[in-house]
Amino acid sequence: GGPRARAMPPSLPQFGVLLLSAVTCYILGYHATQVFPLVLDSNDALALGEMSRMCAARLREAQIGYFSSRACLFNVSNSGDWAAASLYLEVWHKLSRMQDDKCAFVTVGLPLARDAAAAGGGMQYALDTEEWQANMHGSGAFRDCATFTYATPEQVPVVQKVVEGQRHAYVGPLWQDTDEAGSLDIEYAKVAAAVIDGSVFVWISDPHRSPTIFKRFHGGLSSKKVAVIVWHRNIGSVAAQGALKDEVDYMVSYGYAVYLASASPEAMGHDYKHAVRPNAFMRVDGTMWDQSFAVMNLDLTLSLVAVRLEHPYREYLESQRSLCPGSRSAPGQSVNNMACECHFEKFTSTAVDNSCGMAGLMIAKGRFS
């Protein structure tokens with residue numbers, strides 16, 4: 001059989017260096033050379049990727065309208081987080097062909113089964129390891145990346161059994177929020193040593209743990225080597241509303257763009273059970289933020305995706321997953337000549353009814369009379 005899950009992080013000296021800011025990359029049909037601001041206030045000619053104030057306003061209004069009518073597509077149950085992982089690894093795979101680079105996929109906490117009654121079947125069912133394993137395979141994480149998975153001490157043996165046979169798979173105990181000796185920063189040092197400056201993708205499945213993780217991840221976020229962080233946020237209280245905006249602003253302070261991820265299930269099939277179709281990814285930091293994204297709703301848990309500004313994945317999302325990809329300019333194009341084009345047809349083919357919108361979600365729970 002294949003190698004077993006290891007008790008210590010794997011040594012991967014063959015992992016290459018990912019040159020994110022110095023290399024001009026052609027990935028999935030787009031061109032990225034450097035980082036540009038989201039909004040340009042002057043009337044000077046725009047550089048590639050810049051957006052005029054007019055186009056920024058149009059994109060913002062388009063996103064608010066789309067979210068208002070299709071909020072259910074952003075629910076974590078639609079697997080926007082795994083759609084984000086799959087798209088990221090598509091971009092990474094294109095880049096790795098040119099540079100022979102590797103990646104690390106870090107999972108912080110395992111998802112619990114949606115059906116609480118399933119917990120009666122044992123820890124494996126309570127953790128919903130079947131769905132997690134299928135998504136790790138479906139996204140390409142097991143295939144392309146060294147994986148680092150952190151679970152509670154009693155869950156570790158179950159997860160170790162799940163990853164048996166996977167190359168470069170490390171399973172370790174999840175630190176407690178009150179444990180000063182443990183944090184994602186400490187674990188990240190092991191990841192960075194194993195991957196040697198490779199590209200790191202962090203997936204946080206526990207929405208109650210994310211604020212603590214962020215505030216104790218200074219080293220990782222400052223390293224500029226963590227390409228993407230995905231986390232969940234339920235807006236079920238006033239405190240959670242504030243936490244969402246605080247988390248977005250916190251990631252921005254370290255040089256990240258932040259998106260809400262939407263997806264819809266693909267047709268069920270024999271081996272296609274966990275496939276999802278990515279829909280719109282809406283940028284919500286800076287001038288794109290609106291309080292409508294944080295309307296209190298116990299039934300909506302959002303998937304958020306933070307991407308380093310200089311990473312090619314950001315340019316991919318804004319050119320291929322934005323509601324208004326035409327808002328980006330051609331080199332030297334003036335503000336007055338920009339089309340500010342929005343293309344909703346790409347993201348509205350999935351049929352939804354009134355219950356999918358924010359108003360419908362709230363009416364269903366009697367929050368509106």
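Is Asp249 buried, partly exposed or exposed, and what relative accessibility does Asp249 have? At 36% relative accessibility, Asp249 counts as partly exposed, where buried means under 20% relative accessible area, exposed means over 50% and partly exposed lies in between (1.4 Å probe, protein chains only). The structure is a predicted model, in which local features need pLDDT of at least 70 and side-chain atom pairs count only at pLDDT 80 or more, while totals for chains, interfaces and linings use all residues. Residues are numbered from 1 along each chain as its sequence is written, and side-chain values use heavy atoms, with hydrogens and water left out.

**Confidence**

- The mean pLDDT of the chain is 75, and 66% of its residues reach 70 or more; pLDDT is the predictor's confidence in each residue, from 0 to 100.
- Confidence is lowest in strand E1 (residues 25-27), at a mean of 33, and highest in strand E5 (residues 169-173), at 92.
- Over residues 1-44 pLDDT stays under 50, and the model has 118 contacts beyond four places in sequence for this stretch, a contact being heavy atoms within 4.5 Å.
- Residues 268-273 also have pLDDT under 50 throughout, with 4 contacts beyond four places in sequence.

**Overall build**

- The chain has 12 helices and 10 strands, taken as DSSP runs numbered from the N terminus (helices: H or I, at least four residues; strands: E, at least two).
- Of the 369 residues of the chain, 53% count as buried, and among contacts with a separation of 6 or more, residues 24 or more positions apart account for 75%.

**Nonpolar cores**

- The largest nonpolar core has 63 residues, and those with the most contacts inside it are Phe67, Phe148, Ile229 and Met251; such a core is a set of buried Ala, Val, Leu, Ile, Met, Phe, Trp, Tyr and Cys residues joined through side-chain atoms within 4.5 Å.
- Helix H1 (residues 53-70) gives the most to this core, with 7 residues.
- A second, separate core of 37 residues includes Trp82, Cys145, Ala169 and Ala261.
- In soluble globular proteins, nonpolar side chains tend to be buried together.

**Salt bridges**

- The count comes to 11 salt bridges, each defined as a side-chain nitrogen of Lys or Arg within 4 Å of a carboxyl oxygen of Asp or Glu.
- Asp249 forms one of them with Lys245, the closest N and O atoms being 2.9 Å apart, and Lys245 is partly exposed, with a relative accessible area of 25%.
- Because Lys245 and Asp249 are 4 residues apart in helix H10 (residues 238-253), they are separated by about one helical turn.
- An α-helix has 3.6 residues a turn, so residues three or four places apart point the same way.
- Asp285 and Arg283 form another salt bridge, with 2.8 Å between the closest N and O atoms, and both residues are buried.
- Salt bridges that share partners join Arg283, Asp285, Arg314, Glu315 and Glu318 into one network.
- Helix H11 (residues 312-320) is largely enclosed by the rest of the structure, because 7 of its 9 residues are buried, including Arg314, Glu315 and Glu318.

**Selected buried residues**

- His232 lies in strand E7 (residues 226-235) and counts as buried at 6% relative accessibility.
- The side chains of His232 and Asp81 are joined by a polar contact of 2.8 Å, meaning a pair of N or O atoms within 3.5 Å, where within protein one must be able to donate a hydrogen and the other to accept it, and residues adjacent in sequence count only if both atoms are side-chain atoms.
- A polar atom of the His232 side chain lies 3.4 Å from the backbone oxygen of Ser205, and the C-alpha atoms of His232 and Leu302, 70 residues apart along the chain, are separated by 5.5 Å.
- Thr147, in strand E4 (residues 145-151), is buried with a relative accessible area of 2%; beyond four places in sequence, Thr147 touches residues including Phe105, Met136 and Tyr170.
- Glu187, in helix H7 (residues 184-195), is buried at a relative accessible area of 10% and, leaving aside neighbours within four places in sequence, is in contact with Tyr150, Tyr170 and Trp175.
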